[in-house]
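Thanks for coming, everyone. I'll go through the helices, then a few single residues. Have the sequence and the structure up while I talk.

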Amino acid sequence: MGTQSIKAWWKESTVYQIYPPSFCDSNGDGVGDLNGIISKLDYIKALGADIVWLCPIFSSPQIDMGYDISDYYGIHPPYGTIEDVDRLAAELHKRSMKLVLDLVVNHTSDQHRWFQEARSSKGNPYRDWYIWRKPVFGEDGKPNPPNNWESYFGGSAWEYDESSGEYYLHLFAREQPDLNWENTNVRDAVHDIIRFWLERGADGFRMDVINFVSKDQAFPNAPIVIPDSLWQRGAKYYACGPRLHEYLQEIGKILKEYDAFSVGEMPDVNDVQEVLKAVGDDRSELSMIFHFEVVHLDHGPKGKFSAKTWKMRELKSVVSKWQTFMYENKGWNAVYLENHDQGRTVSRFGSDSQEHRALSAKMLATFLGLQSGTVFVYQGQELGMANVPRNWGIDQYRDIETLNHWAKISGSSSDKTALQEASLAEYRLKSRDNSRTPMQWNGSLYAGFSTKEPWISVHDDYRIWNAAAQVNDPTSVYHYWADVLHLRKKFAEIIVYGSFKLISPEDPDIFAYTRSIPSSPTVAVVVVNFRPRQVTWPVPLTLDLSPSGAVVLSNYHRCEASPFGNPSIALEPFEAFVWVGTLGSEFTS
């Protein structure tokens with residue numbers, strides 16, 4: 001059994017994530033901006049969040065909504081100026097809150113000065129800042145990519161440069177060339193960027209696909225797992241490359257100087273030992289990482305946009321694995337279900353029907369918010385915002401990943417119509433645009449987000465589901481989330497730093513767990529019903545409870561001192577409650 005994790009300010013904090021173009025438009029151009037964010041800080045503070053994380057705000061052609069950066073020291077003009085960033089940091093610090101910026105350094109935009117120099121000639125000093133390889137020539141004499149790696153946005157991960165006769169690597173869009181971290185100058189430039197923003201008032205970084213920065217320098221072909229495709233996922237050769245932890249430790253030393261926060265996005269890594277190397281208390285690399293096992297539960301056999309129904313046993317297995325492993329090994333979790341790359345929680349894991357939407361949003365807040373780790377709340381999640389309307393056509397989508405997939409299937413020679421209909425159903429569930437519709441502030445035109453038609457459509461339901469209505473309603477999803485975050489602070493010893501133990505692991509409907517620490521008899525019991533129907537939960541015989549306790553949170557106003565007095569409990573549709581009291585040794589050891 002592990003011991004209690006070392007305490008840190010970022011472990012006791014909750015992060016509120018903002019997607020700048022969709023949060024709040026202060027100047028009426030249809031795009032959110034920094035001044036709009038500043039105007040809503042009291043709203044975020046009242047929710048109970050401690051850290052604000054901004055998706056990329058730096059200069060960018062916006063091929064991938066800012067994840068293609070052309071200048072790490074400049075601000076994308078529609079968002080504002082560097083002085084606005086200064087003011088945002090100052091306003092956050094005035095409220096005892098922190099600012100976290102999005103650091104995208106696996107790749108740049110092809111419009112970045114570094115890449116413009118690199119492609120100008122083979123002899124340019126910046127040439128080696130990116131990854132270039134000679135082509136493989138076919139029997140027809142035409143150049144082919146150096147290997148069979150697939151881009152995450154479809155097609156080959158290599159783009160041919162006619163002028164130099166070489167290919168450059170881009171794991172994402174061809175406008176996002178990968179940096180060559182083997183080059184010391186690249187790493188030094190990244191370190192300079194980190195120091196610049198920490199000195200300017202940032203308190204840390206979220207690091208985009210940071211585990212991709214070290215590649216196997218042989219660049220071998222990936223195993224063929226999709227027989228009918230030319231291109232295969234090469235993640236085994238770059239998802240945790242040979243020098244990754246060396247690079248992370250270099251960054252970690254800088255972060256430690258500033259007592260800064262860091263969270264690394266780490267796709268395609270399921271090896272817990274690799275993750276522990278990145279987040280262990282004794283490693284000085286990252287504070288925590290985002291893994292993808294939970295949010296990939298509904299990805300089908302042919303990838304994200306193929307169908308699969310997630311199973312409760314899978315959810316329990318993944319959550320329990322990471323919760324237990326991190327506690328026992330002095331690591332730390334980033335706890336999330338929703339972000340700028342994921343569909344809305346109520347639509348994927350609960351219900352966005354009018355009857356059950358608020359209940360399931362509260363249930364999911366309970367399930368997520370009482371787990372061990374730093375909790376991340378994505379803008380609108382605290383309101384129960386839902387996925388895009390079912391009547392959206394492909395013309396309303398804006399995301400490059402979705403549009404590239406649509407173009408690929410629309411060129412199919414098979415039953416194109418059926419494939420398109422099936423894909424649209426998956427887009428409505430998992431497209432990144434689901435979380436990128438404008439924040440719904442009130443019931444006025446364009447949901448109070450802007451006075452002009454926004455860059456992406458506002459959800460049809462904004463007149464009912466909006467912040468103004470919920471802030472004024474003490475029974476709303478917003479206030480329930482505030483209660484969850486308040487509980488995290490009130491019972492920080494057990495909820496922030498305590499152990500996690502799954503209850504009723506075989507139950508197909510109920511997710512229940514305890515949070516406790518060895519030095520205290522106090523225990524939190526979290527019970528949630530994931531189903532849109534009443535479910536009877538047999539209380540485990542080993543759940544030895546003291547009568548001295550109370551339900552401290554419930555989305556059905558359950559208020560008995562101990563709900564565990566009977567051999568079973570009837571839980572209403574999407575019911576959730578948290579009981580705090582004293583538990584026997586069976587569940588605390």
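Start with helix 3, residues 82-94, and helix 5, residues 184-200: they pack at an angle of about 55 degrees. Their axes are 10 Å apart. That angle makes helix 3 oblique to helix 5. Keep in mind that this is a predicted model.

Which residues make the contact between helix 3 and helix 5? From helix 3, we have I82, V85 and D86. From helix 5, we have F196, W197 and R200. By class, the contact of helix 3 with helix 5 divides into 4 nonpolar residues, 2 charged ones and no polar ones.

Next, helix 8, residues 312-328. This helix has 17 residues, and at 1.5 Å a residue it should span 24 Å. Its end C-alpha atoms are 24 Å apart, so the two figures agree. Now the buried set. In helix 8 it consists of M312, L315, K316, V318, V319, S320, W322, Q323, F325, M326 and Y327. An α-helix has 3.6 residues a turn, so residues three or four places apart point the same way.

What do the buried residues of helix 8 pack against? Two of the partners are helices: helix 7 and helix 10, the latter at 357-369. The others are strand 14 at 334-335, strand 16 at 499-503 and strand 17 at 510-516.

Pick out S320 in helix 8. Its relative accessibility is 18%, and the cut-off for buried is under 20%, so S320 counts as buried. Leaving aside residues up to four places away in sequence, S320 touches F500 and L502. G234 lies 86 residues from S320 along the chain, and their C-alpha atoms are separated by 29 Å.

Just after helix 8 comes K330, with a positive phi of about 55 degrees. Two other backbone angles are on my list. D268 is not a glycine, yet its phi is positive, about 60 degrees. D268 sits in the loop between strand 12, 261-265, and helix 7, 272-279. With a relative accessible area of 40%, D268 is partly exposed. S284 is not a glycine either, and its phi is positive at about 55 degrees. Look for S284 in the loop between helix 7 and strand 13, which runs 288-290. S284 has 33% relative accessibility and counts as partly exposed.

On to helix 12, residues 416-430. Its 15 residues should span 21 Å at 1.5 Å a residue. The end C-alpha atoms of helix 12 are 20 Å apart, which agrees. Which residues of helix 12 are buried? They are Q420, S423, L424, E426, Y427 and K430. These buried residues pack against helix 9, 345-349, and helix 11, 400-410.

Now S431, in the loop between helix 12 and helix 13, the latter at 467-471. Is S431 buried or exposed? Buried, with a relative accessible area of 0%. S431 touches F305, Y397, D399, T402 and E426, again not counting residues up to four places away in sequence. E426 is also among the buried residues of helix 12. As for distance, S431 and S360 are 71 residues apart in sequence and 21 Å apart in space, C-alpha to C-alpha.

Helix 14 covers residues 477-490, 14 residues in total. From first C-alpha to last, helix 14 reaches 20 Å, close to the 20 Å expected at 1.5 Å a residue. Its buried residues are V477, Y478, Y480, W481, A482, V484, L485, L487 and R488.

One more loop. I226 is found between strand 11, 204-207, and helix 6, 244-257. I226 counts as partly exposed, at 35% relative accessibility. Q111 is 115 residues from I226 along the chain, and the C-alpha separation is 33 Å.

Last, the cysteines. How many disulfides does the structure hold? The count is 0. A disulfide is a covalent bond between the sulfur atoms of two cysteines. Take two cysteines by their accessibility. C240 is partly exposed, with a relative accessible area of 24%. C559 is at 68% relative accessibility, so it counts as exposed.

That's my list. Over to you.

How values were computed
Residues numbered from 1 in each chain as written. Predicted model: local features only at pLDDT ≥ 70, side-chain atom pairs only at ≥ 80, totals over all residues. Heavy atoms only, no water. Axes fitted to C-alpha atoms, helices over the stretch in contact; angles between N-to-C directions. Helix = DSSP H or I, 4+ residues; strand = E, 2+ residues; numbered from the N terminus. Parallel < 35°, antiparallel > 145°, perpendicular 65-115°, else oblique. Contact = heavy atoms within 4.5 Å. Nonpolar A, V, L, I, M, F, W, Y, C, P; charged D, E, K, R; others polar. Expected span 1.5 Å × (residues − 1). Buried < 20%, exposed > 50% of the residue type's maximum accessible area, 1.4 Å probe, protein only. Disulfide = S-S within 2.5 Å.
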